[in-house]
2 protein chains.
Amino acid sequence: MDIQEFVHRSIGSWKSQRSVHHLAFGHFEAVTSTIQIEDLAIDEPAVLALCESNKISPSSIAAPFRMSWRAESDWDDNVNQGSSIFVPVPNSDRTGQLLREIGYAEEAPAVANYSFTDDQTFVLLTPYDRASAEEKIWFVSPTLRCRVALIKTSAGTGALTASFSSEIKLTESS
Amino acid sequence: MDIQEFVHRSIGSWKSQRSVHHLAFGHFEAVTSTIQIEDLAIDEPAVLALCESNKISPSSIAAPFRMSWRAESDWDDNVNQGSSIFVPVPNSDRTGQLLREIGYAEEAPAVANYSFTDDQTFVLLTPYDRASAEEKIWFVSPTLRCRVALIKTSAGTGALTASFSSEIKLTESS
């Protein structure tokens, strides 16, 4: 598994069930969402702009993609939706950086480090100003993807939330 | 990480939040439980009996333990509780079998195969008569353990439920 193969398998529309465990209080939150992942050309203006703002040469990137989501939580009536561009910058078959426009824990650009384990799990570590995110994503089958995300304080002393998504593929995108 | 180290880190009392995703219908179930894991002597009568019923020599086992649980689901008012003995039978530092008295998906004895990945995740595959379970368990810190379990039909064509547990250590057991 490398980043090209991982992104290729991820392209399409997914129906996601996400459970968030708020660890300090033992609360559960249930989120239902649809996620769309589409590949982008390397010379897409938004991709080039993200490269430039990170001082990365477009010749060193691979498999840029856009992820869009629309989510409903059982905690409130609001619909949360948005989209972000992601640009992988491999430095080996199994490791690299992932540039993204918008981070999960804070609404600011973020650079994450990724790696693949020997059982083909994609591991993503993202530092933010006041927190860090540790994600594991793997394919159970071509149509079922699992994702575990832990949000930790920046001191790294404890996890604040642990969340789990099961994502079922709805359609193949061409 | 080997099985002795993994069991050693697991010994103690844990408060668990578990979310079950029933994939076909998109339903969420929330389960709160306490789990106790205690180590057992290799010559404990119940351990020797489990070895004998599986035709395994007690000289080839390592780090047997008992797991007890008491769980409450938001789906009904019943408390589910029980306990089971687990006996690892390593065949290398990173792989082996795990004997258990009671399986998760069916109430019958089960033999599972385990392995550790290069990022120290314990992976457990359990075949049952009509289903199979695929579990990943890893320590985020000494006091936070995550567990993802997938229950699949025996034909292996699809996952029926995906569940995620975040387990916080309450006390150290001596």
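**Entry 1: starting terms**

Helices, as I use the word here, are DSSP runs of H or I with at least four residues, numbered from the N terminus. I keep in mind that this is a predicted model.

**Entry 2: a pair in helix α1 of chain B**

I looked up B:R9 and B:E5 first. They form a salt bridge, with the closest N and O atoms 3.0 Å apart. Why are B:R9 and B:E5 separated by about one helical turn? Both lie in helix α1 (residues 3-10) of chain B, and they are 4 residues apart there, so about one turn separates them. I then checked how open each one is. B:R9 counts as partly exposed because its relative accessibility is 29%. B:E5 is partly exposed too, at 32% relative accessibility.

I moved on to B:K169, in strand β10 (residues 159-171) of chain B. Is B:K169 buried or exposed? Its relative accessible area is 12%, so B:K169 is buried, the cut-off for buried being under 20%. The backbone oxygen of B:I11 lies 3.1 Å from a polar atom of the B:K169 side chain.

I searched the whole structure and found 18 salt bridges over all chains. Two in chain B got a closer look.

The side chains of B:R66 and B:E38 meet in a salt bridge, 3.8 Å from N to O. B:R66 lies in strand β3 (residues 65-73) and B:E38 in strand β2 (residues 27-39), so the pair ties together parts that are 28 residues apart in sequence. B:R66 is partly exposed, at 23% relative accessibility. B:E38 is partly exposed as well, with a relative accessible area of 34%.

B:R100 and B:E135 also meet through their side chains, at 3.7 Å from N to O. B:R100 belongs to strand β5 and B:E135 to strand β8 (residues 131-141), so this pair ties together parts that are 35 residues apart in sequence. I checked accessibility again. B:R100 has 1% relative accessibility and counts as buried. B:E135 is also buried, at 1%.

In chain A I found a network of salt bridges. It links A:R100, A:E135, A:R145, A:R147 and A:E167.

**Entry 3: helix α2 in chain B, then in chain A**

Which residues of helix α2 (residues 45-53) of chain B are buried? They are B:V47, B:L50 and B:C51. They cover an arc of only 100° around the axis, so they sit on the same side of α2(B). These buried residues pack against β4 (79-90) and β5 (95-100) of chain B. The face turned away carries exposed B:P45, B:E52 and B:S53. After the helix comes B:K55, with a positive phi near 55°.

I turned to α2 of chain A. Its buried residues are A:V47, A:L50 and A:C51.

**Entry 4: where chain A meets chain B**

How many residues of chain A are in contact with chain B? I found 32, facing 32 residues of chain B. The two chains bury about 2500 Å² between them, 65% of it on carbon and sulfur atoms. A:Q17, A:F28 and A:F164 supply 25% of the area that chain A buries there, more than any other three residues.

The polar side came next. I counted 4 salt bridges between the chains. One of them joins B:D119 to A:K136, the closest N and O atoms being 2.7 Å apart. There are also 16 residue pairs in polar contact. The elements of chain A that give two or more residues to this side are β1, β2, β8, β9 and β10. The largest share, 6 residues, comes from β10(A). By class, this side of chain A has 15 nonpolar, 11 polar and 6 charged residues.

Definitions and conventions:
Residues are numbered from 1 along each chain as its sequence is written. Chains are lettered from A and ligands numbered from 1 in the order in which they are written. This is a predicted model: local features need pLDDT of at least 70, side-chain atom pairs count only at pLDDT 80 or more; totals for chains, interfaces and linings use all residues. Side-chain values use heavy atoms; hydrogens and water are left out. Contact means heavy atoms within 4.5 Å. Buried area is the accessible area (1.4 Å probe) that two parts lose on being put together, summed over both. A polar contact is a pair of N or O atoms within 3.5 Å; within protein, one must be able to donate a hydrogen and the other to accept it, and residues adjacent in sequence count only if both atoms are side-chain atoms. Ala, Val, Leu, Ile, Met, Phe, Trp, Tyr, Cys and Pro count as nonpolar, Asp, Glu, Lys and Arg as charged, and the others, Gly among them, as polar. Buried means under 20% relative accessible area, exposed over 50%, partly exposed in between (1.4 Å probe, protein chains only). The arc is that of the directions from the helix axis to the C-beta atoms.
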